[in-house]
Amino acid sequence: MRKYLRHIQGESLKAQLIRGAGGSAGIQVVNLLLTLVSGVLLARTLGPESYGTYAFVLSIITLLSLPAKAGLPTLLVRETAKNQLNKDWGLMRGLLKASNLFAIGYSVIVVTIVGSWLLLRGDDTLETATLLWALLLLPLMAFEAVRTGTLRGLRWVLSAQAPEQIVRPATVILLVGSVVLLGSELSAVRAIQFNVIGALLAFTLGVFLLLKALPQRAKTAESKYNIKPWAASLLPLSLFAGLKLLDSQVSILFLGFLATSEEVGLFRVAATGAALVAFGLNAVNMAMAPQIARLYNSGELEKLQRTITLSTRVVALVSFPVAIVLIVFGGPIIDIVFGQEYVSAAALTILCLGQLVNASAGSVALVLNMTGNDKSTVIGAALALIVNLILCLILVPFLGLVGAAIGYSISLSVWNVLLMFMVRKKLGINTFVFAK
């Protein structure tokens, strides 16, 4: 026990990675449970029609927030870690100030345009009222992106995640639960208002944590700006996030147009199950990002290789057993959780195989983005999207759900293999799980 505690205590790189990855995994598990509880509670309380309006409006706000949330957090992680390493407090302060100004400016423009359009329409429908209230979430989500990226760059990995992933959904559950216990009615508008309250509480806690984490010298230094390099990096980082989001939705879009709505639902359930295979990779990436930037900028490439090899093998230890369980017992598990009508064992197996390649390749995109090779990730994401589009166009009309699963898994594999090659070529680093 003492030997284990020595591994996780202190400020060594290994201790920081263990704490960060373990804590991130714990937060993601809690978030998963809270999201599930809030989703079930809202669905049962609102009813299908109102819940559909609520979910649709949240999807619109999520899409509207993409320009602020897509590439900005990654840029902040990389540059904040580099500035802290170089003790360039003026650049750290300037980056934070410029990011907040961008978040304010973007939010004001979008809220003004969309809000004015909705009001000028004079439409009194439930969807309009719900969307008007949901616009209040936009600036809070933009500021959340700035706070999360900065805290991760400062290696406050758990503090970066807790407000949004725990405080916000927990607040929604408490407020909706109170309405249910009091016997009051819940509407889509009220549900969005509860989300706004949760986001405000998360924002308040996030500001407190950021002020606590920010070095004193960064608070008092004169701001310095590198606008041109920042903007040059922000564009490919945002394009990368947008392309990956589109790639993840292509299969569903093709199934919706070329197959049946039933197969869309089956694919979503299968994809949700297969995503559990990459759970370890997501947790490790949260902790790895600032460490990759620091080791690269300090020229410690051998240490960076050892760290990446270790992290990929840890991911494999988590991902491979999960994949085996889902491949062997996926059908019965889906039957128990979602119902017999959602069982799609073949699609789940194919998607799990794609996620195994994803886990085995390691943090390829993260390594490139954290070392300033963000244009390479855009090329990889664009090629993967093209592969997915072509395969879905060919396979979905004949194989339906299975064809969509094949298309996505092959595109995911192509993306990882290509990016592994790029990391090796540009940095001399091997991210594969069996790297020596």
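Predicted model: local features only at pLDDT ≥ 70, side-chain atom pairs only at ≥ 80, totals over all residues.
Biologist: How do I read a nonpolar core, and which residues touch the most other members of the largest one?

Modeller: In soluble globular proteins, nonpolar side chains tend to be buried together. A nonpolar core here is a set of buried Ala, Val, Leu, Ile, Met, Phe, Trp, Tyr and Cys residues joined through side-chain atoms within 4.5 Å. Buried means under 20% relative accessible area, exposed means over 50%, and partly exposed is in between, using a 1.4 Å probe and protein chains only. The largest core has 57 residues, and the members touching the most others are Leu255, Phe267, Ile292, Leu351, Met370, Trp415 and Leu419. Helix H19 (residues 401-427) gives this core its largest share, 11 residues. There's also a second, separate core of 51 residues, with Leu95, Leu151, Ala199 and Leu234 among them.

Biologist: And where do those helix labels come from?

Modeller: Helices (H or I, at least four residues) and strands (E, at least two) are DSSP runs, numbered from the N terminus.

Biologist: What about nonpolar residues on the surface? Which ones form a patch there?

Modeller: Patches take residues with over 30% relative accessible area and no salt bridge; like charges are joined within 9 Å, and nonpolar side chains (Val, Leu, Ile, Met, Phe, Trp, Tyr) within 5 Å. Areas come from the Shrake-Rupley method with a 1.4 Å probe, and for residues only the protein chains shown count as cover. Here, Leu246, Leu253, Phe257, Leu258, Ile386, Ile390, Leu393 and Ile394 make a nonpolar patch with about 800 Å² of accessible area together. Helix H12 (227-258) and helix H18 (374-399) each supply at least two of its residues. Take Ile386, which is in helix H18: it counts as partly exposed because its relative accessibility is 46%.

Biologist: Now charges. How many salt bridges does a search of the whole structure find?

Modeller: Side chains of opposite charge can pair when their charged atoms come close. A salt bridge here is a side-chain nitrogen of Lys or Arg within 4 Å of a carboxyl oxygen of Asp or Glu, and the search finds 5 of them. One joins Asp374 and Arg78, with their closest N and O atoms 2.8 Å apart. Asp374 lies in helix H18 and Arg78 in helix H5 (residues 72-86), so this pair ties together parts 296 residues apart in sequence. Both partners are buried.

Biologist: And what does Glu79 pair with?

Modeller: Lys82, at 3.4 Å from N to O. They sit 3 residues apart in helix H5, so about one helical turn separates them. Glu79 is buried at 8%, whereas Lys82 is partly exposed at 24%. Arg78, Glu79, Lys82 and Asp374 are linked in a network of salt bridges.

Biologist: Where does Arg147 sit, and is it buried or exposed?

Modeller: Arg147 is in helix H8 (residues 137-153). Lys and Arg count as positive and Asp and Glu as negative, with His and the chain ends not counted. Arg147 is buried yet has no salt bridge, and its nearest side chain of opposite charge, Glu144, is 4.0 Å away. Leaving out residues up to four places away in sequence, Arg147 touches residues including Ser159, Pro163, Glu164 and Leu210.

Biologist: Last one: which residue has a positive phi of about 55°?

Modeller: Most residues other than glycine have a negative phi, and most peptide bonds are trans. Lys87 has that positive phi although it is not a glycine. Lys87 is in the loop between H5 and H6, and is exposed at 53%. Arg155 also has a positive phi, about 70°, without being a glycine. Arg155 lies in the loop between H8 and helix H9 (157-182), and at 28% counts as partly exposed.

Notes: Residues numbered from 1 in each chain as written. Heavy atoms only, no water. Contact = heavy atoms within 4.5 Å.
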